[in-house]
Amino acid sequence: MSADSTNLFGALFDTPPVRQVVPVLVPLPAPGPYSYAVPEGMHVEAGSVVQVPLGPRQVIGVVWDGDNDDKLDPKKLRPITLAFDCPPLSAEMRRFIEWVAGYTLSPPGLVARMAIRAPAALEPEPMIEGLRYVGGQPERMTPARARVLQQVDEDLPWTRMGLAHAAGVSTSVIDGLTQQGLFETVFLPPPPVVAKPDPDYTAPRIEGPQKEAAREIVDLVKQGGFSSSLIDGVTGSGKTEVYFEAIAETLRQRKQVLILLPEIALTSSFLERFQDRFGAKPGEWHSDLSPRIREKVWRGIVTGEVQVVAGARSALFLPFENLGLIIVDEEHDPAYKQEDRVFYNARDMAVVRARIGDFPVVLVSATPSVESQVNAQAGRYHLVHLPTRFGEAALPDLHLVDMRRHPPERGGFLSPVLLRAIGKTIERGQQSLLFLNRRGYAPLTLCRVCGHRFQCRQCSSWLVEHRFRNQIQCHQCGYSEPTPEACPECGTFDHLVACGPGVERIAEEVERHFPDARTIVMSSDLLGGVKRLRLELEAIARGDADIVIGTQLVAKGHNFPLMTLVGIVDADLGLANGDPRAAERTFQLLNQVTGRAGRTGLKSHGLLQTYQPQHPVMQAIVSGDPGAFYEREITERERAILPPFGRLASVIVSAETRADAEAHARALRAAAPPVSGISVLGPAEAPLALVRGRHRFRLLVHGRRTSEMQDFLKKMVSQGPKVRGTVHVQIDIDPQSFL
DNA sequence: AGCACGCCGACT
DNA sequence: GTCGGCGTGCTC
């Protein structure tokens with residue numbers, strides 16, 4: 001029954017009107033919605049976005065479905081302050097929020113909050129004032145007035161400023177003409193944030209195997225309804241062009257499209273690529289959008305005016321008016337995982353959203369995650385394989401360098417094989433990239449006399465020497481101090497010894513061997529920040545360097561046309577760091593780095609220095625076949641995350657000490673839960689939490705049956721053992737339970 | 001999540 | 001004697 005009929009009823013029979021009571025999800029970690037009274041004359045329905053009093057403040061909430069808590073006296077309920085003039089969240093959106101809350105064991109109010117994150121956008125944007133020429137001539141013609149009249153016609157309205165600018169006059173000329181009745185004021189809808197993309201702006205740029213792939217995906221879009229696909233194709237195989245065709249088809253159906261990207265991939269180059277194909281940029285959604293733009297984009301999405309959104313993971317919770325397709329590009333990227341407040345993996349939740357909304361979802365990667373690979377193999381995801389690079393781009397020839405057979409000289413880290421290859425590349429006038437995912441000079445510094453190791457006083461990890469800036473730094477929490485000349489333990493001078501390589505040390509070695517080569521070190525802590533970084537990248541692309549030595553950041557984006565040699569200094573690095581995904585991550589990272597070479601057709605090579613040439617990851621990389629990695633013998637730890645064998649949940653315990661985390665783990669084991677294993681990972685494995693100055697230890701919980709696991713974890717969160725700190729739960733499994 | 005209330009250390 | 005640390009509890 002609507003509010004109006006209730007009131008009418010009350011008026012007719014002269015009884016006090018029944019106060020309507022509705023449940024409202026408020027942004028609190030409460031288990032369910034709170035009840036509020038609806039003031040007379042206000043209309044709300046399930047999904048309405050409202051402002052309600054909560055304690056001393058006003059918050060934004062969403063009117064929810066279901067019954068109210070009837071233990072509360074309706075007379076004592078506080079009234080809704082305001083119903084925003086924006087479309088209510090759809091039933092689908094509400095179902096999605098409920099599902100995510102249940103699955104991630106998060107309070108629904110906090111999940112709902114992610115959907116209405118642009119509070120100022122909740123009121124419609126004000127119309128802008130325009131001037132329309134109604135005809136006639138001014139009392140006295142002047143040159144300035146003539147210029148204005150030359151610009152206008154009777155159909156198209158102008159803004160006051162815009163017209164003044166176009167006519168080259170000041171606004172007072174316009175005001176004068178308006179006063180004489182030559183213009184009338186009209187109200188114009190605010191201009192859209194982005195232009196409408198046109199599916200037929202340019203022809204599809206697909207050829208060869210891409211055509212078949214695009215047809216498969218487009219057919220799924222045409223067919224309508226839910227489907228989930230995985231496009232698996234090497235770097236440069238044209239994955240983007242293929243999914244652009246699915247986007248074009250969805251646009252023709254007048255439905256909205258969401259392209260999820262890891263934040264780092266949301267670059268202008270992606271947006272331009274999109275614009276080249278569709279004639280307009282997509283709407284953007286990421287964390288450092290200005291509030292003004294954020295508002296406009298949000299409103300455009302809610303009204304359906306913005307048809308394509310390219311966004312980071314948070315874009316998944318935007319209340320689209322008519323969403324018809326989700327693309328998850330770089331689906332393996334760990335940035336899709338939010339480990340804060342609501343713990344979720346946007347890639348998995350995208351599949352859920354598509355299932356609930358009954359439309360297709362397409363995951364895309366050159367190095368699919370283990371889960372997606374398994375889902376594709378099991379037939380749950382439709383697999384689209386793009387095996388080769390197309391056009392002039394050729395994949396580099398990859399070889400392993402067995403470091404036991406080709407050891408580097410004493411004190412060095414580059415094998416003779418790699419050094420020779422660098423030399424030849426320089427002779428050809430081409431560039432080499434040496435990749436080592438380690439900043440600084442050396443990962444560990446110790447005193448040769450007393451064995452003292454430099455340790456961070458805040459978080460117990462080793463301090464890393466940075467010779468270029470003469471500092472020792474903690475790479476976990478950012479702590480730094482000047483490099484001491486004497487050992488702080490025994491006072492001996494000049495006896496500090498560096499252990500292991502960092503990029504700075506490799507640079508030193510390279511300069512020793514190639515004193516005349518132009519060498520650049522690229523690392524995220526480079527002095528000069530983003531600006532200098534961009535300049536250096538451009539310089540490299542121009543050919544102003546012979547050897548580039550870089551950490552992870554050289555793996556992303558950017559094309560270097562002259563780069564024909566990639567040397568991986570330590571391919572084994574990262575294979576044994578305690579993370580159950582170590583092998584997978586290494587495979588993905590090294591694939592990305594070697595993919596940097598050969599992008600413009602020059603014959604190129606990759607050399608991977610390794611002590612474990614027989615390792616499945618190494619074999620998979622050189623054979624260029626991810627299958628070699630995925631189909632290998634699976635380790636016990638990995639088995640737990642593979643859907644057919646079991647499930648994994650990672651439980652984050654924030655505790656000051658390892659002892660607290662271990663106490664928690666003990667209590668969990670004692671509770672005889674439906675889990676097969678619990679292990680404690682130290683703060684080094686949870687660097688994100690450490691940055692915020694708090695030691696967070698992570699418990700990995702392995703188990704099998706989802707519902708039982710869910711119940712167990714739910715219980716653990718609500719009445720778990722008492723330890724210092726908070727317990728968060730992240731179910732880190734694939735979302736197959738609803739497929 | 002915010003925000004208030006409330007109980008123990010270093011200062012005007 | 002106060003200011004202020006953050007531990008605990010509450011919000012329809």
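**Note on the predicted model of chain A**

1. Among contacts in chain A between residues at least 6 apart in sequence, 74% join residues at least 24 apart. Please keep in mind that this is a predicted model. The secondary structure of chain A amounts to 22 helices and 31 strands. Of the 739 residues in chain A, 53% are buried.

2. Helix 3 deserves a look. Seven of its eight residues are buried, so helix 3 is largely enclosed by the rest of the structure. The buried residues are Pro108, Gly109, Leu110, Val111, Ala112, Met114 and Ala115. Their cover includes strand 1 (20-25), strand 4 (57-63) and strand 13 (337-340). Helix 2, helix 10 (291-303) and strand 14 are also among the covering elements.

3. Next, the packing of helix 2 on helix 3. Helix 2 spans residues 91-104 and helix 3 spans residues 108-115. Their axes lie 9 Å apart, at an angle of about 135 degrees. That angle makes helix 2 oblique to helix 3. The crossing of the two is right-handed. On the helix 2 side, the contact involves Met93, Ile97, Val100 and Ala101. On the helix 3 side, Pro108, Val111, Ala112 and Ala115 meet them. Pro108, Val111, Ala112 and Ala115 are also listed among the buried residues of helix 3.

4. Angles under 35 degrees count as roughly parallel. Helix 16 brings Ala583, Thr586, Phe587 and Leu590 to the contact. Helix 17 answers with Val617, Ala620 and Ile621.

5. Now the aromatic rings. With ring centres within 6.5 Å taken as the cut-off for a pair, the count comes to seven aromatic pairs. One of them joins phenylalanine 317 and tyrosine 344. This pair is edge-to-face, with 5.0 Å from centre to centre and 80 degrees between the planes. The pair links distant parts of the chain, its partners being 27 residues apart. Phenylalanine 317 sits in the loop between strand 11 (308-311) and strand 12 (323-329). Tyrosine 344 belongs to strand 14 (residues 342-345). Phenylalanine 317 is buried, at a relative accessible area of 0%. Tyrosine 344 counts as buried too, at 2% relative accessibility.

6. There is also an aromatic cluster. Ring pairs connect Tyr243, Phe244, Phe270, Phe274 and Phe278.

7. Two arginines lie over rings. Arginine 294 lies over the face of tryptophan 285, 4.9 Å from the ring centre. Arginine 467 places its charged end over the ring of tyrosine 441, at 3.7 Å from the centre.

8. Last, serine 415. Is serine 415 buried or exposed? Serine 415 has 0% relative accessibility, so it counts as buried. The residue is found in the loop between strand 17 (397-402) and helix 13 (416-427). Leaving aside neighbours within four places in sequence, serine 415 is in contact with Val401, Met403, His406, Pro408 and Gln609.

Conventions
Residues numbered from 1 in each chain as written. Chains lettered and ligands numbered in written order. Predicted model: local features only at pLDDT ≥ 70, side-chain atom pairs only at ≥ 80, totals over all residues. Heavy atoms only, no water. Phe/Tyr/Trp six-rings, centres within 6.5 Å; stacked < 30°, edge-to-face > 60°. Helix = DSSP H or I, 4+ residues; strand = E, 2+ residues; numbered from the N terminus. Buried < 20%, exposed > 50% of the residue type's maximum accessible area, 1.4 Å probe, protein only. Lys NZ or Arg CZ within 6 Å of the ring centre and 35° of its normal. Axes fitted to C-alpha atoms, helices over the stretch in contact; angles between N-to-C directions. Parallel < 35°, antiparallel > 145°, perpendicular 65-115°, else oblique. Left-handed = near helix turned anticlockwise from the far one by under 90°. Contact = heavy atoms within 4.5 Å.
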